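Here are my notes on the model, as numbered points. Please read them with the structure open.

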Amino acid sequence: EIFIPVDRHPIDAAIADGNFAISPQAREGHSLRPSIETLLHALMPQRFVVHLHPVDVVAHLARGNCRTDLQSALGDTFIWELVDYYQPGAKLAQAIYMILQQNPNIQVLLLKNHGVILGANTLDEIDSNLKTLCERLSNPPRKLYSTSKDAPSLLAATQDNANYRACSDASLQCLAIDPELYQRLEDSWAICPDHVVFLGAQAARIDDASNIQNAMTLAPHHPFIFIKNMGVLENRTVTNAQKAQLVFYLDVITRQPLGQRLESLSHAEVTNLLGWDAEKYRLTLNQ
């Protein structure tokens, strides 16, 4: 029910006039706003256009040296181009427009710190290119630290807390227990726009387990709190979308070689996302 029809003629006219800030309108009878990324679909000339965030692909797109990785893995399998990070919406649409002006035959656009756009005139071609892309960029996740001897202490500490409880997804506990992943929370948190929008500008990390009670009182707005060597707390109001986003983050960072440098969004880029009305509206749809 979140997929809604739009009239593309005004969008095409706006693009022809160089107006990438147009707000697409839903057809009559639909109350939801169209996606902020509607223009990405209108820009591609193919009949079918798909925008996705495959874990294996994003694992590469978050790396500092991703162009070298991509060239080595993809070669000339299909016509593709890497797009630098731009805020979703008008800025990203304009950047893609300029790229497509140079080569309208591009089949796959790889968006730095974001995801992928595939265009084709048949669904079979979309399916084939997507499978090839994910196979060529496959990154098996490394083994995780999944248990903590302090798990009972975590349960006890949150038993009567009004804001937090122990995270219900056991796989996420490794984010606080595995030393490398815990450090990633500090160094490589803002890896993509959705991560920031749904989970905030910074991870709430607690290095000293004796500060759990204070953390749960002083930071009731954080969806998750990460207690070093102990485990992860989740806010009692956490949404399924926020849980899914943290699982996505775990999937991405466990597919990185040891010591791999990741590029995160800058402070200014994060601030722009969090202050954007379009993203605030999207959050309300996921409550």
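Helices (H or I, at least four residues) and strands (E, at least two) are DSSP runs, numbered from the N terminus. On that numbering, asparagine 229 sits in the loop that links E7 to strand E8 (231-235). The model is predicted.

1. Start with the sheet ordered E1-E4-E3-E2. This is an open sheet of 4 strands, and its pairing is mixed. Strand E1 (48-52) and strand E2 (80-83) are the edges. Each has a single partner strand, so one side of each lacks a neighbour in the sheet. Between neighbouring strands here the turn is 15 degrees on average, direction ignored.

2. Next, the pairings around E4. E1 and E4 are antiparallel and share 5 bridges. Valine 49 has glycine 119 in E4 as its bridge partner. Strand E3 (residues 108-111) also pairs with strand E4 (residues 115-120) in the antiparallel sense, over 4 bridges. There, leucine 109 is opposite isoleucine 117 of E4.

3. Helix H6 (residues 123-136) lies across E1, E3 and E4. Its direction is at about 145 degrees to E4.

4. Look at the loop between E3 and E4, where asparagine 113 lies. Phi of asparagine 113 is near 55 degrees, a positive value in a residue other than glycine. For context, most residues other than glycine have a negative phi. Is asparagine 113 buried or exposed? Its relative accessible area is 3%. The cut-off for buried is under 20%, so asparagine 113 counts as buried.

5. Now the sheet ordered E5-E8-E7-E6. This is an open sheet of 4 strands with mixed pairing. Strand E5 (164-166) and strand E6 (204-206) stand at the edges. Each has a single partner strand, so one side of each is left without a neighbour in the sheet. Neighbouring strands of this sheet are turned by 30 degrees against each other on average, direction ignored.

6. How many bridges join E6 to strand E7? There are 3 bridges, and E6 runs parallel to strand E7 (residues 224-227). Alanine 204 is opposite isoleucine 225 in E7. Helix H9 (residues 179-187) packs on the sheet and touches E6 and E7. The direction of H9 makes about 135 degrees with that of E6.

7. Check aspartate 178, in the loop between helix H8 (174-177) and H9. Aspartate 178 has 2% relative accessibility, so it counts as buried. The side chain of aspartate 178 makes a polar contact of 2.9 Å with the side chain of arginine 142.

8. Return to asparagine 229, in the loop between E7 and E8. Phi of asparagine 229 is near 65 degrees, which is positive in a residue other than glycine. What is the relative accessibility of asparagine 229? The value is 44%. Exposed requires over 50%, and buried requires under 20%. Asparagine 229 therefore counts as partly exposed.

Definitions and conventions
Residues numbered from 1 in each chain as written. Predicted model: local features only at pLDDT ≥ 70, side-chain atom pairs only at ≥ 80, totals over all residues. Heavy atoms only, no water. Pairing = 2+ DSSP bridges. Axes fitted to C-alpha atoms, helices over the stretch in contact; angles between N-to-C directions. Contact = heavy atoms within 4.5 Å. Buried < 20%, exposed > 50% of the residue type's maximum accessible area, 1.4 Å probe, protein only. Polar contact = N/O pair within 3.5 Å; in protein donor to acceptor, adjacent residues only side chain to side chain.
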